[in-house]
Amino acid sequence: MTTLNERISTAAKHPLEPLSEEEITQASTVTKGADQFTGSTRFVYIELAEPAKDVVAEWTAGSEWDRRAACLLRDPKVKTTAEVTVSLSRNEVVSWRFVDGVQPPMMFEEFMACEEAVRNDSRWQDAMRKRGVEDFSLAMIDPWASGYTGPDDDPAKVRLARPLTFMRTSEFDNGYARPVEGLIVTVDLDTMTVIDVADHGVVAFPMMDGNYEPELAFKENNIGGFTQQRAPMKEIRITQPDGPSFEVDGHAISWGPWRCRIGFNPREGLTLHDVGYVDKGTLRPVLYRASLTEMYVPYGDP
């Protein structure tokens, strides 16, 4: 490991810039080299560990700072979740904290493995056959994190998903138009086993397609009619002959009197930093950080 005086140079021009590809690779490599990292440990995500506000406020262009990455890990074998901070400047793990009683977001590999576990389960297959389905390859399985399922749901012991099933009529069909009603599967993502298949009764599939691609949508549908294609819209042209009114320098944006920095992370998506307004030559701070951490969509609520 390097010492405090043996800093590793970084291409980042500002403490709040998101991690580069090279920095993500570096954070992964350093984390894998720690004693706590096992062969079954998985990275959920790696993002910038934002410096404290006073560090950012006191920073000046060209000066150094301790550039850090935050890693979220899951070890399905021993069912642990860990938050790890890596100093990219010193190329070392700064902290490794196991967090009990929580579940990290689902990983891409879990999505894919969960689909296969459900598709290969005989109870799920029997439920699909009751609905007249024999070609399981056209089933579209959506793994959803289950949330709280009851008093026996201990996040320290089990990592659950509740996949829903939809049926496509062809490889590129929009499966969401045909939900398999009343069929709910419970899967343990750590062991990738199907715990339960709840079948609340057969409901007929909707007869209409739900496609938006012209070659799929504008054909004879299942009830003998045709989907009508609307007339093409008139052309819209938006031009800026003198160029845009904004300037982008890395992650810094200037637009008229407004100034801000933008960032991205896997938890919140877009983040805004150091939003300010130039008032008669003086940059006045408006807010230090802003993000939308959650958007609630009330599906099916009229």
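Predicted model: local features only at pLDDT ≥ 70, side-chain atom pairs only at ≥ 80, totals over all residues.
Residues are numbered from 1 along each chain as its sequence is written, and side-chain values use heavy atoms, leaving out hydrogens and water.

**Exercise 1.** Find out where pLDDT (the predictor's confidence in each residue, from 0 to 100) is under 50.

*Solution.* Start with the chain average, which is a pLDDT of 89, with 90% of the residues at 70 or above. Next, look at residues 1–7, where pLDDT stays under 50. Then go to residues 220–225, where the pLDDT is also below 50.

**Exercise 2.** Work out whether Ser 40 is buried or exposed, and which residues it touches.

*Solution.* (Helices, H or I with at least four residues, and strands, E with at least two, are DSSP runs numbered from the N terminus.) Its relative accessible area is 18%, so Ser 40 is buried. (Buried means under 20%, exposed over 50%, partly exposed in between, using a 1.4 Å probe and protein chains only.) Now for contacts (heavy atoms within 4.5 Å): leaving aside neighbours within four places in sequence, Ser 40 meets Arg 74, Asp 75, Pro 76 and Lys 77. Arg 74 is 34 residues from Ser 40 in sequence, yet their C-alpha atoms are 8.5 Å apart.

**Exercise 3.** Which residue forms a salt bridge with Arg 289, and what parts does the pair tie together?

*Solution.* A salt bridge puts a side-chain nitrogen of Lys or Arg within 4 Å of a carboxyl oxygen of Asp or Glu. The whole structure has 25 of them. For Arg 289, the partner is Glu 50, with the closest N and O atoms 2.9 Å apart. Arg 289 lies in strand β14 and Glu 50 in the loop between β1 and α2, so the pair ties together parts 239 residues apart in sequence. Both are partly exposed: Arg 289 at 30% and Glu 50 at 32%.

**Exercise 4.** Explain why Arg 119 and Glu 115 are separated by about one helical turn.

*Solution.* Their side chains meet in a salt bridge (3.7 Å, N to O). Both belong to helix α3 (residues 108–119), and they are four residues apart there, so about one helical turn separates them. With a relative accessible area of 15%, Arg 119 is buried.
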